[in-house]
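This briefing considers how parts of one protein chain are arranged. Please consult the sequence and the structure shown below while reading.

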Amino acid sequence: MSLPHAILTALLEKPSSGLELTRRFDRSIGYFWSSTHQQIYRELGKLEEAGRIRALPTAVTARGQKKEYEVLPAGREELAAWVALPEDPRPVRDPLLLRMRAAAVVGADGIGAELRRHLALHEAQLAEYREIEERNFTPAPTTDEDRLRYLVLRGGIDLETFWISWLTRAIADLDG
C-alpha cells in the first residue's frame with residue numbers, strides 16, 4: 001500500500017481538509033498504515049498537481065483558511081486500478097524478532113522485560129480494537145462497504161491475538 005492510495009481512500013470516504021485528514025488517519029487508517037502529518041500534506045500537493053484531487057472552491061479566500069479536498073475521476077480511476085493489482089505478501093520485518101535473534105548470540109539480559117512490555121502494548125491495542133468493534137460493528141455489518149471495513153478491523157484483531165499468544169508462549173519458554 002502506498003500513502004497516495006490511503007489518502008485517495010480517505011478522501012473518497014469523506015472530502016476533508018489536510019488537518020481533518022491527518023486526524024482521521026490517526027483514528028482509522030493509521031492503525032495499519034501510519035504516516036506523519038508532513039507526509040500527508042506533501043502527498044496532498046502531489047495528488048493535486050497530478051490532477052487526482054482538487055481543493056473545493058470556497059466562497060471567501062482568506063489567509064490560513066483550510067483547503068478541503070475531494071477526489072477527481074482520475075483519482076478514483078487510479079485507486080480502482082491499484083485495488084485490482086496483484087501484490088505478494090511482504091516478509092515479516094520486526095525489530096523485536098531481530099533483537100531476540102541477537103539475544104541468542106550476546107545474551108538475553110533484558111529481553112524478558114521487553115517481551116512483557118510488548119505483550120502489554122498488544123493487549124492494550126487489542127482492547128482498543130474490541131471497543132471499535134463493539135461501537136461500530138454491533139450488530140454485524142450489512143453492506144459490502146461495512147463488511148470490508150470490518151474485515152480490516154478483524155485483521156487487526158487477529159494480528160493482535162496472534163502476538164499476544166506468541167509473546168505469552170515466548171515469555172513462558174524463557175522463564176521456564
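**Residue A113**

- A113 is located in helix α6 (residues 111-136); helices are DSSP runs of H or I with at least four residues, strands are E runs of at least two, and both are numbered from the N terminus.
- A113 is exposed, at a relative accessible area of 55% (exposed means over 50%, buried under 20%, partly exposed in between, with a 1.4 Å probe and protein chains only).

**Basis of the model**

- The model is predicted, so local features need pLDDT of at least 70 and side-chain atom pairs pLDDT 80 or more, while totals for chains, interfaces and linings use all residues.
- Residues are numbered from 1 along each chain as its sequence is written, and side-chain values use heavy atoms, without hydrogens and water.

**Packing of α1 and α4**

- Helix α1 (residues 3-13) packs against helix α4 (residues 73-84) at about 120 degrees, their axes being 10 Å apart.
- The pair is therefore oblique (roughly parallel is under 35 degrees, roughly antiparallel over 145, roughly perpendicular 65 to 115, and the rest oblique).
- H5, L8, T9 and L12 of α1 meet G75, R76, E78, L79 and W82 of α4 (contact means heavy atoms within 4.5 Å).

**Buried face of α2**

- In helix α2 (residues 18-27), G18, L21, T22, R24 and F25 are the buried residues.
- These buried residues fall within an arc of 160 degrees seen down the axis of α2, so they line one face of the helix.
- Their cover includes α1, β1 (16-17), α3 (37-49) and β3 (68-71).

Definitions and conventions: Axes fitted to C-alpha atoms, helices over the stretch in contact; angles between N-to-C directions. Arc of directions from axis to C-beta.
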